[in-house]
Amino acid sequence: MGHQGACGVVGGLGVWPSSTLCSLQPSLACAPAPSLQDGSDSGLSESEESVFSGLEDSGSDSSEDDPAEREDGVSSDEGPSGMEKTTGQQVQAGSPSPRTEVARVQGCEEYAEDSSDEEDIRNTVGNVPLEWYADFPHVGYDLDGRRIYKPLRTRDELDQFLDKMDNPDYWRTVQDRMTGHDVRLTDEQVALVRRLQRGQFGDGSFDPYEPAVDFFSGDLMIHPVTNRPADKRSFIPSLVEKEKVSRMVHAIKMGWIQPHRPRDRTPSFYDLWAQEDPDAVLGRHKMHVPAPKLALPGHAESYNPPPEYLPSEEERLAWQQQEPGERKLNFLPHKFPSLRAVPAYGRFIQERFERCLDLYLCPRQRKMRVNVDPEDLIPKLPRPRDLQPFPTCQALVYRGHSDLVRCLSVSPDGQWLASGSDDGSVRLWEVATARCMRTVPVGGVVRSVAWNPHPTVGLVAVAVEDSVLLLNPALGDRLVVSGTDQLLSAFVPPEEPAVQPARWLEASEDERQAGLRLRICHGKPVTQVTWHGRGDYLAVVLAAAGHTQVLIHQLSRHRSQSPFRRSHGQVQRVAFHPLRPFLLVASQRSIRLYHLLRQELTKKLRPNCKWVSSLAVHPAGDNVICGSYDSKLVWFDLDLSCEPYRVLRHHKKALRAVAFHTRYPLFASGSDDGSIIVCHGMVYNDLLQNPLLVPVKVLRGHVLTRDLGVLDVAFHPTQPWVFSSGADGTVRLFT
């Protein structure tokens, strides 16, 4: 078979393109062998047809070789390759060597014995990219216009590996990209490829280092090399040069070209910073930082120091044991009788060297200081005298409790005050005179007291152990007292009582004489009780785990319900929103705002403090404050963010209570440090203006008892007064 090119050399020869191999060895593509079966002759010999096809014989081997060698070459090409096919099929063995071709031309017996029909498969597609034939079964067309089909390649990698191991000519077998067949390279072709890989010439007989031939001798000859007569332009003046010279003369006359002046060899000096503004801040003289000077010697450096500068033996030993960086002096003072008795300083060279290091290794820079008045950094707050009225001094002390007073509450009209203590009693006071009007024993520690905010309902809710007691104080207007009893007696119990988380019990005759009207039993300790603004609902907090920590009671229907299905931590405080159907629940780490009608969580406030202790809502409903046990008071703006708007740290100890005034822009906080801090908190109707918070007064008066101070604070409903109850068993009024 005849092949035009090969795609690459397998083994140690690398990969060579088809065009390269074709140019290296044209003998790869041979003329088609004459068919003995057809009996026709083309009339051209092999060499002549090769010339017609654009190829020529390689001529690497002569035809006078030994016939035995030629026979060996035929057998070596056809035997080990293992690519012989049966009669009538195409022979896909390696390309026959030139010896084989010469032998076939000389002997007709070889063609008679060879039954294979060899064809000249020559792809005539030219420069058409072979990628265009990737999706077709053929790779081009031969000289007669017939398609050259791709050979079937069904061998996998294992077959290729076995062929590599078994076939000794595998390393010299390449694939012709133009026809897709395998081509076996001859020894001459392999030698040519290796010479090209080493960067040598393709012709092995070419000597690149042969001596050069001097075509022109360096000796002066009699006759010239050329005897051409001289040109006319060599002795006629050039017009182009004449025009250039005239232009240069005109430029010199006009002064455009200056003649070269002799250069002044004397060096010139100039001031580098002469052009700088002397008043510039970045001027060189401004930025210069002089080296720090050495400290002047003192009395200790003297050769005859005073006696108090001479160290004792203990101080000398202590100085020697110290690190060099910890010593106050880097030498020990000595005393000499005269100046001529002073020896040379032993550390002189070392200190000079360290001084030089400090001068050129220590970086120095001038820092631009901004002259700022410290007063400008303090926010401009109004003066407290401009924010009056607010409580400034202690006016009354309500004495009578024998133990710490945990809670207090003021009536809606501001005339009466209720306080609960650990002595097991609830005392009702007259605000103006500090007179105890009534004492109601409840038989336990009073955790919380809340006066009904409705002006026509005179009820006081008292949290005692696991019950909430509803008391009628029987103070003030008799119509209010009788109207309250009529409201409670108007309830008609249903025929089938519903299952409730709490039990409503009527008071006995003896208890009614003491002022008790209803008892709500929960079965778990009650820590807080608070009323809704309309006076018909009250919420209680139970000291228990689970979703029943918060219960809401309805006074008119004697109903109780648990609004939550699951718990979000230990509940500390609850509060009703003053205007909207919201319930604020404060756990230890967060405050949740629930919509009671929609029964969904509206907002979650993050105080970023440990253990919220108290909670209060602004009368307008858009701001909330809470106190914590880590001495923080946190102000939230509900319209602004879920994060704190301001955190106040004025107290030294834990906060126990916070409260808003219903009419004045005031809020107060009580702490275990025994102080009440009153602050001005102005909330504007303009949503673009932030609230103004200004501390105006620190009130003191309570005595610390059992490391406890103020336990509860409450504002007067109409006056700028504040009440406080403390661990010393007193209730104090500041006006």
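Is Q572 buried or exposed? Q572 counts as buried, at 16% relative accessibility; buried means under 20% relative accessible area, exposed over 50% and partly exposed in between, with a 1.4 Å probe and protein chains only.

The model is predicted: local features need pLDDT of at least 70, side-chain atom pairs count only at pLDDT 80 or more, and totals for chains, interfaces and linings use all residues. Residues are numbered from 1 along each chain as its sequence is written, and side-chain values use heavy atoms, with hydrogens and water left out.

**View 1. Surroundings of Q572 and S587.** Q572 is found in strand β19 (residues 571-576); strands (E, at least two residues) and helices (H or I, at least four) are DSSP runs, numbered from the N terminus. Not counting residues up to four places away in sequence, Q572 touches Q528, V541, A586, S587, Q588 and V612, where contact means heavy atoms within 4.5 Å. S587 belongs to strand β20 (residues 582-587) and is buried at 6% relative accessibility. With its neighbours within four places in sequence left aside, S587 is in contact with H568, Q570, V571, Q572, R592 and V612.

**View 2. An open sheet of five strands.** The strand order is β10-β11-β12-β14-β13, and the pairing is antiparallel; two strands pair if DSSP finds at least two bridges between them. The edge strands, β10 (446-451) and β13 (503-506), each pair on one side only. From one strand to the next the twist averages 20 degrees; axes are lines fitted to C-alpha atoms, for helices over the stretch in contact, and angles run from 0 to 180 degrees between N-to-C directions.

**View 3. Strand β14 and its partners.** β13 and β14 (residues 516-521) pair in the antiparallel sense over four bridges. In this pairing R503 stands opposite C521, and L505 stands opposite R519. β12 and β14 also run antiparallel, joined by five bridges, and L470 stands opposite L518. Five of the six residues of β14 are buried, so the strand is mostly covered.

**View 4. Nonpolar cores.** A nonpolar core is a set of buried Ala, Val, Leu, Ile, Met, Phe, Trp, Tyr and Cys residues joined through side-chain atoms within 4.5 Å. The largest one has 20 residues, and those with the most contacts inside it are A461, V468, L470, V529, W531, V540 and L555. Two or more residues of this core come from each of β11 (460-464), β12 (467-471), β14, β15 (526-531) and β16 (537-542). Another core, of 18 residues, lies apart from it; C407, W451, V462 and L469 are among its residues. Leaving aside neighbours within four places in sequence, the contacts of V529 include S448, V449, A461, V468 and V540.

**View 5. Aromatic rings.** The structure holds eight aromatic pairs; rings of Phe, Tyr and Trp (its six-membered ring) pair if their centres lie within 6.5 Å, and planes under 30 degrees apart count as stacked, over 60 as edge-to-face and the rest as tilted. One of the pairs, W635 with F660, is edge-to-face, at 5.6 Å centre to centre and 80 degrees between the planes. W635 in strand β25 (residues 633-637) and F660 in strand β27 (residues 655-660) are 25 residues apart, and their pair links distant parts of the chain. W635 is buried, with a relative accessible area of 0%, and F660 is buried at 11%. Y398, W429 and F723 form one aromatic cluster.
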